Amino acid sequence: MELEDKLKLNAGEKLIKVSHRMKGPLQEMDIYKYNIVDSTGNLVGYIDHTDHTSINKFNRTQTATQYDINHKVILDISW
């Protein structure tokens, strides 16, 4: 399932990737930052997304936190 399917986006809103970095001794965690823009290109929110693969059992865990323009948490999920 895609990240966009998990979020509370309004019609016409889309994600724009701002940054990506990797963390951990084997670079097993990807950390992404996204801006949410509306159909006219105005910034309306932010997303922090992590994608972690366990180096022991190769289990994958993802988390996402969605913020509005004032950095108020709208959604905080893990899957």
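This is a predicted model: local features need pLDDT of at least 70, side-chain atom pairs count only at pLDDT 80 or more; totals for chains, interfaces and linings use all residues.
In the hairpin built from strands S1 and S2, where five residues lie between the strands, glycine 24 adopts a positive phi near 110 degrees.

### Overall architecture

The C-alpha trace spans about 45 × 20 × 20 Å along its principal axes. Of the 79 residues in the protein, 30% are buried.

The five strands form an open sheet in the order S1-S2-S3-S4-S5, with antiparallel pairing. Strands S1 and S5 stand at the edges and have a single partner strand each, so one side of each is left without a neighbour in the sheet. On average, neighbouring strands of this sheet are turned by 15 degrees against each other, direction ignored. As a general point, strands of a sheet pair through backbone hydrogen bonds, either parallel or antiparallel.

### Strand pairs and hairpins

Strand S1 covers residues 14-23 and pairs with S2 in the antiparallel sense over nine bridges. Within the strands, leucine 15 stands opposite isoleucine 36 in S2. S2 and S3 also run antiparallel and are joined by nine bridges; here tyrosine 32 has histidine 49 in S3 as its bridge partner. Strand S5, residues 73-78, pairs with S4 in the antiparallel sense over five bridges. Two contacts illustrate that pairing: alanine 64 has isoleucine 77 in S5 as its bridge partner, and glutamine 66 stands opposite leucine 75 in S5.

| Hairpin | Residues between the strands | Residue with positive phi | Phi |
|---|---|---|---|
| S1 and S2 | five residues | glycine 24 | near 110 degrees |
| S2 and S3 | five residues | glycine 41 | about 90 degrees |
| S4 and S5 | four residues | histidine 71 | about 65 degrees |

### The aromatic pair

The structure contains one aromatic pair. The ring centres of tyrosine 32 and tyrosine 34 are 6.2 Å apart and the ring planes lie at 25 degrees, so the pair is stacked. The cut-off behind this assignment is that planes under 30 degrees apart count as stacked. Tyrosine 32 is buried, with a relative accessible area of 17%. Tyrosine 34 is likewise buried, at a relative accessible area of 16%. Both values meet the criterion for burial, which is under 20% relative accessible area.

### The largest pocket

Which residues lie closest to the centre of the largest pocket? The pocket itself holds about 170 Å³ of space. It is lined by 12 residues, and those closest to its centre are Glu2, Leu3, Tyr34, His49 and Gln62.

By class, the lining of the largest pocket comprises six nonpolar, two polar and four charged residues.

Notes: Residues are numbered from 1 along each chain as its sequence is written. Side-chain values use heavy atoms; hydrogens and water are left out. On a 1 Å grid over the protein atoms alone, a cavity is a set of points where a 1.4 Å probe fits but cannot get out, and a pocket is an open set with protein on both sides within 12 Å along at least five of seven lines; lining residues have an atom within 4 Å of a point. Grid points are joined across faces, edges and corners, and a volume is the space filled by probe spheres set on the points. Ala, Val, Leu, Ile, Met, Phe, Trp, Tyr, Cys and Pro count as nonpolar, Asp, Glu, Lys and Arg as charged, and the others, Gly among them, as polar. Two strands pair if DSSP finds at least two bridges between them. Rings of Phe, Tyr and Trp (its six-membered ring) pair if their centres lie within 6.5 Å; planes under 30 degrees apart count as stacked, over 60 as edge-to-face and the rest as tilted. Buried means under 20% relative accessible area, exposed over 50%, partly exposed in between (1.4 Å probe, protein chains only). Axes are lines fitted to C-alpha atoms, for helices over the stretch in contact, and angles run from 0 to 180 degrees between N-to-C directions.
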